[in-house]
Amino acid sequence: MSESHSDNSLLANIVQYIATIEPFNNLPKDVISELASIVQITYVSRGEIIDPYENQNEKYLYIVRTGAMEQRKLDGQLRARLGSDDIFGFTFLDGTADEDNRYTAVALQNSLLYLIPHSSLVRLFERKPEYAEYFASQAQVRLKTAHDVVWSNKEKGLFIKRVGEVASGIIAVVTSDMTIKEVAHEMRIVKRCSCAVIYENDKIIGLITDRDMTKRVIAHGAPLSDPISTVMTPNPFVISPDALILEAASMMMEHNIRNIPVVHEGKAVGLLTTTHLVQNHRMQAIFLIEKIKYTNSVSELSLLTSERQAIFEALVEGKVASDIIGKVMSMIMDAYTRRLIQIAIDKLGTPPCEYNWISAGSHARNELNITSDQDTALILSDDATNSDKIYFRHLGSYVSNGLDRCGYPLCTGKFMAATPKWCQPLSIWKEYYKKWVANPEYECLLNISVFLEIRSIYGNAEYTNILRDELHQNILENRTFLSALVRDAVNTNPPLGIFNSLVLEKNGDQTKVLNIKKYAINLIIDLARIYGLAVECESSGTEERFKAARDAGILSENMYKNIIGAYHFIAQFRYSHQLEKLKQGEVPDNYIDPNNFGSFERQHLKDAFRIIADMQEAAKLRFGAISH
């Protein structure tokens with residue numbers, strides 16, 4: 001049954017109501033009043049079906065005023081459950097509706113719906129095109145509008161700028177057989193720059209700066225006819241133009257260097273110097289990393305915990321992108337870990353053999369949040385003796401306990417370098433990976449889910465590269481492993497029905513809450529892992545894995561944009577929740593009370609959950625997994 005309205009009190013009630021509903025709350029009052037005046041009111045009984053595609057002459061945007069609706073795809077699969085304040089019918093607004101996305105809506109209980117004709121909205125968008133993206137049919141566009149900017153780009157400074165934005169595009173490129181005099185001429189006369197990159201067989205092997213020329217050539221009277229290779233700095237640090245300025249600044253301070261060549265696909269494309277960094281603002285993270293570097297004890301390090309929390313709060317309040325927040329927090333944990341290893345070595349003596357301290361899980365992915373615990377391991381040289389292993393277990397215990405004192409909790413699953421099982425020679429680690437991939441039963445899946453992402457923190461980084469290659473080779477030889485990962489990943493479904501009190505857990509206060517990590521973040525990470533491994537992506541990062549899958553052609557551009565948009569929104573949502581907990585003096589967590597959601601959160605979370613569910617289905621189809 002449908003009715004229009006002419007009663008002024010009813011109209012005022014509709015105006016007041018839709019002004020609070022996302023995305024209408026983004027519109028001016030006069031526009032809201034205009035739309036409210038054309039709202040049609042429909043009552044549907046429990047079990048009644050609405051087919052938004054049925055009327056070819058007019059389509060509608062539906063607002064659930066009271067009651068509950070359920071969207072079903074044509075094959076019967078659940079698309080979403082909708083409660084009060086939820087909206088459906090976006091897909092016709094820009095002509096993108098198609099059979100693949102077609103659905104019907106069924107009333108789960110007696111419901112009151114407000115209907116706004118699409119034709120009226122389209123006329124509004126013709127007059128005011130800036131409002132259109134709020135009503136976009138594609139969830140990726142609506143999710144993008146959810147990211148408000150609080151800090152300006154200038155204020156965000158180091159946290160958003162990339163190396164390529166500030167580095168000089170001028171750098172001298174020379175070969176190792178050129179003389180000192182020839183290189184000096186290339187630097188000062190031809191390129192007029194302070195640094196030269198030295199190549200040999202198309203590979204960068206060294207670096208020379210004007211300061212090096214002063215110290216190593218002029219001061220020592222070196223013959224200008226000598227090859228440049230005799231005075232160069234070998235194996236220089238380099239950085240990608242896509243890296244954060246923050247990363248470059250941290251690298252410069254850690255290794256006490258003033259120049260870093262900017263290299264893209266093996267080619268030197270510019271130079272970043274300390275001068276480039278002076279103009280940037282909001283340096284708190286860099287200052288903290290510098291402080292960490294000069295501490296002399298665990299006690300001193302632990303005193304810096306409040307500064308780490310302050311940086312987290314500033315980043316979240318400034319609405320800095322979630323991927324950058326994760327990266328900054330990971331860089332800070334890197335600095336803590338490296339300093340603790342150095343302090344431990346001062347106490348225990350020189351390490352008896354080659355080794356590599358690695359991070360795993362969210363730390364390896366550069367996706368830390370304020371609640372993240374430790375996931376670490378040690379890879380030892382294959383010639384490590386039993387007494388060597390004892391040394392490294394002491395090292396592992398010292399660093400793990402030190403991290404715990406600095407606010408990084410011990411891993412409840414004991415996935416730490418302090419655990420003997422995770423402090424082993426390289427050959428043992430290779431056997432682990434071979435066993436886990438060949439027989440992915442529950443325990444092996446648990447182990448490998450932690451160590452599918454590894455990143456070198458300290459020591460011989462080549463061990464990490466060797467292990468990653470070993471993993472990819474094992475997966476190539478056993479493609480059923482990806483199917484096992486998919487089966488495990490789709491056992492948990494995103495909470496499409498969350499707002500009807502489904503998929504909620506009771507917390508300590510017996511309040512029903514949503515575990516945003518379990519039912520959203522982890523599901524996206526699992527999907528990224530599967531797609532990344534399928535294309536042998538070298539990076540462990542969630543976004544990088546999806547990008548690699550898109551570039552390899554196994555993930556469509558639209559699906560890529562959808563899942564990245566969902567990931568950004570949910571990650572930002574979790575960070576904001578953790579910030580609120582900190583402000584209230586409570587321990588931050590991943591448990592969110594749906595009673596605190598407004599219309600804004602409901603609409604965007606539903607978009608994100610539906611995207612995750614669609615991608616789970618796509619993964620099952622592509623990798624041949626059958627859910628149980």
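Colleague: Which helix lies across β5 and β6?

Modeller: In this predicted model, helix α23, residues 599-623, lies across these two strands and runs at about 160 degrees to β6.

Colleague: To which sheet do β5 and β6 belong, and what is the order of its strands?

Modeller: They belong to an open sheet of four strands in the order β3-β8-β5-β6, with antiparallel pairing. Strands β3 (49-50) and β6 (78-82) each have a single partner strand, so they stand at the edges, and one side of each is left without a neighbour in the sheet.

Colleague: Why is strand β9 described as largely enclosed by the rest of the structure?

Modeller: Seven of the seven residues of β9 (residues 111-117) are buried, and therefore the strand is described in this way. S111, L113, L115 and P117 point one way, while L112, Y114 and I116 point the other way. In a regular strand the side chains alternate between the two faces of the sheet.

Colleague: Which strands are joined to β9 by bridges?

Modeller: Strand β2 (residues 40-44) runs antiparallel to β9 and is joined to it by five bridges; there, V44 has S111 as its bridge partner. Strand β4 (residues 60-66) is also antiparallel to β9, with six bridges, and I63 is partnered by Y114.

Colleague: Why are C411 and C537 called buried?

Modeller: Buried means under 20% relative accessible area. C411 has 8% relative accessibility, so C411 counts as buried. C537 has a relative accessible area of 12%, so C537 is buried too.

Colleague: How many disulfides does a search of the whole structure find?

Modeller: The search finds zero disulfides.

Colleague: Which residues have the most contacts inside the largest nonpolar core?

Modeller: They are W429, F451, F546 and I570, in a core of 72 residues. Helix α20 (residues 516-534) gives the largest share, 13 residues. Domain 3 (283-478) and domain 4 (486-623) each supply at least three residues. Beyond its neighbours within four places in sequence, I570 is in contact with residues including I516, I524, L605 and F609. A second, separate core has 48 residues, among them L244, L304, I343 and L403.

Methods:
Residues are numbered from 1 along each chain as its sequence is written. This is a predicted model: local features need pLDDT of at least 70, side-chain atom pairs count only at pLDDT 80 or more; totals for chains, interfaces and linings use all residues. Side-chain values use heavy atoms; hydrogens and water are left out. Two strands pair if DSSP finds at least two bridges between them. Contact means heavy atoms within 4.5 Å. Axes are lines fitted to C-alpha atoms, for helices over the stretch in contact, and angles run from 0 to 180 degrees between N-to-C directions. A nonpolar core is a set of buried Ala, Val, Leu, Ile, Met, Phe, Trp, Tyr and Cys residues joined through side-chain atoms within 4.5 Å. Buried means under 20% relative accessible area, exposed over 50%, partly exposed in between (1.4 Å probe, protein chains only). Domain bounds come from an automatic or database domain assignment. A disulfide is a pair of cysteine sulfur atoms within 2.5 Å.
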